[in-house]
Amino acid sequence: MLKLPIYLDNNATTPLDPRVLEAMMPYLTEVFGNAASRNHPFGWAAEEAVDYAREQIASLINCDPKEIIFTSGATESDNLGIKGVFEMYAQKGNHIITATTEHKAVLDTCKHIEKLGGRVTYLPVNAEGLISLEELEAAMTPETILVTIMYGNNETGTIQPIREIAAIAHKHGALFMTDGTQAVGKIPVDVIADGIDLMAFTAHKMYGPKGVGALYVRRKNPRVKVTAQMDGGGHERGMRSGTLNVPGIVGLGKACELARLEMAADTARLSAMRDRLEKELLTLEESYVNGSVERRLPHVANISFKYVEGEGLMMGVKDLAVSSGSACTSASLEPSYVLKALGLSDDLAHSSLRFGLSRFTTDEQIDYAINHVKEAVTKLREMSPLWEMFKEGIDLNSIEWAEH
Amino acid sequence: MAYSDKVIDHYSNPRNVGTLDKSKKNVGTGLVGAPECGDVMRLQIEVDETTNTITDAKFKTFGCGSAIASSSLATEWLKGKTVDEALAIDNMEIVEELALPPVKIHCSVLAEDAIKSAINDYRVKNGMPELEMAKSHH
């Protein structure tokens, strides 16, 4: 029997894989030591578990285990990476380049940098959500210390040309950081081949627990350093103080190991399901994929349904847990800034749904989702005066709408 | 956000969805809102000119559940009322009936505007002077 509602919001968070929980359990109970306790077996057992997790993570992203700095999650990692580089490399310059479609953890950190006197360039994206390499190159200055561009976008799944971006940053003597939150564990990420100097990621987007993440910080070619943003006991090579979240770290490690072993099979299965979902929903007239179709995370689909309103649509798909490009549950009526950056009009941004599939998504759930969305969109269109006008061939832009 | 049972009922089983022939002299049409604001309501009334009574009402709405419910409820209320009685419908009655939260009051205002706009259209078509819109939203 199909259990409702169906969870298809895996870009927000994923369920914990039972195998991850199993790995964590001993560290929530009998193995409770502080990984920084150097003088007794309780501490040694905890440290050993942390070291093992570092190795599991390192093998997933092809780095040295020493290059992993544990944090509370991707938001903290983004903060530490950007603010830490800004402080550490203040002698060299104060200019940072990012993109308008970044997560708020990056954008708001960059706004903070601007308040501190830094200069930030926000690169626009094209209709597919990709930045222009020419514009990046043109934005580079001798004062540019950091280029930070996300790997895969959380709303559309669009994957940026990471290697090319890294090469441009390095050519101009800047570091390259990426927010790998949605990509790590989903697609192959290789910090050496990709030329990544810093990378933020988190456990709970790849079937691990919430509250634990990491910042990859390159140790050679070049040796990158960040100024700590949390003062204290000098953990994590002085870059992030605070007692390590041992069970969380064990969970992140296990999640990375599972991702490494199962990524290829998961990707094949998820992209086939995603493509089927998308193909079926696109049989509805006036429905559009948002973001790049070619360069995209395998488990994400973001689709707009013209002439239906987003919040009404969300109410109509109540059997699905999905995200909408509409934020009008608040009074603001502000549609997604990511979709707006792609050039979508407000109404098209409002009427978008984001589907995020997971390792645990089934074909039966996708079948249900297809029918459920089709029914909701069809019903709302039958009720929509805009759809009627469209069908009658009336140009909606020709109508003088009431001041509102 | 939690919707009231009445909003859910009107959303799931909307009353009087449809289109009346706007070329008819005794049909008044009100189209209010704007697509970029996320709400467009079209409300139509058919009036028996001898009794000045609304014999039929239809709506189509692009908007959230509360907007759909507000217009669905409005059409239910309009049927059988005289035009003057219809003019007296206040948005706060819709708010109360549907238990709309403060952020959704604008949906009821839009429904009231749609009623008045439909009546005005009917009046103008039948040689009566246009009424001042008592309320305007925003």
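Biologist: How many helices and strands are there in chain A?

Modeller: Bear in mind that this is a predicted model. Going through chain A of that model, the tally comes to 13 helices and 13 strands.

Biologist: What share of the residues of chain A count as buried?

Modeller: Buried here takes 20 or more other C-beta atoms within 10 Å of a residue's own. Applied to the 404 residues of chain A, that gives 53%.

Biologist: How far apart do the C-alpha centres of domain 1 and domain 2 of chain A lie?

Modeller: The domain assignment puts 6-11 + 263-392 of chain A in domain 1, and 18-259 in domain 2. Between their C-alpha centres the distance is 30 Å.

Biologist: Which element gives the most to the side of domain 1 of chain A that touches domain 2 of chain A?

Modeller: The contact takes 20 residues from domain 1 of chain A and 22 residues from domain 2 of chain A. On the domain 1 side, β10 (300-305) and α10 (337-341) of chain A each supply at least two residues. That side divides into 8 nonpolar, 8 polar and 4 charged residues. The top contributor, with 3 residues, is α10(A).

Key
Residues numbered from 1 in each chain as written. Chains lettered and ligands numbered in written order. Predicted model: local features only at pLDDT ≥ 70, side-chain atom pairs only at ≥ 80, totals over all residues. Domains from an automatic or database assignment. Contact = placed C-beta atoms within 7 Å. Helix = DSSP H or I, 4+ residues; strand = E, 2+ residues; numbered from the N terminus. Nonpolar A, V, L, I, M, F, W, Y, C, P; charged D, E, K, R; others polar. Buried ≥ 20, exposed ≤ 12 C-beta atoms within 10 Å, placed from the backbone.
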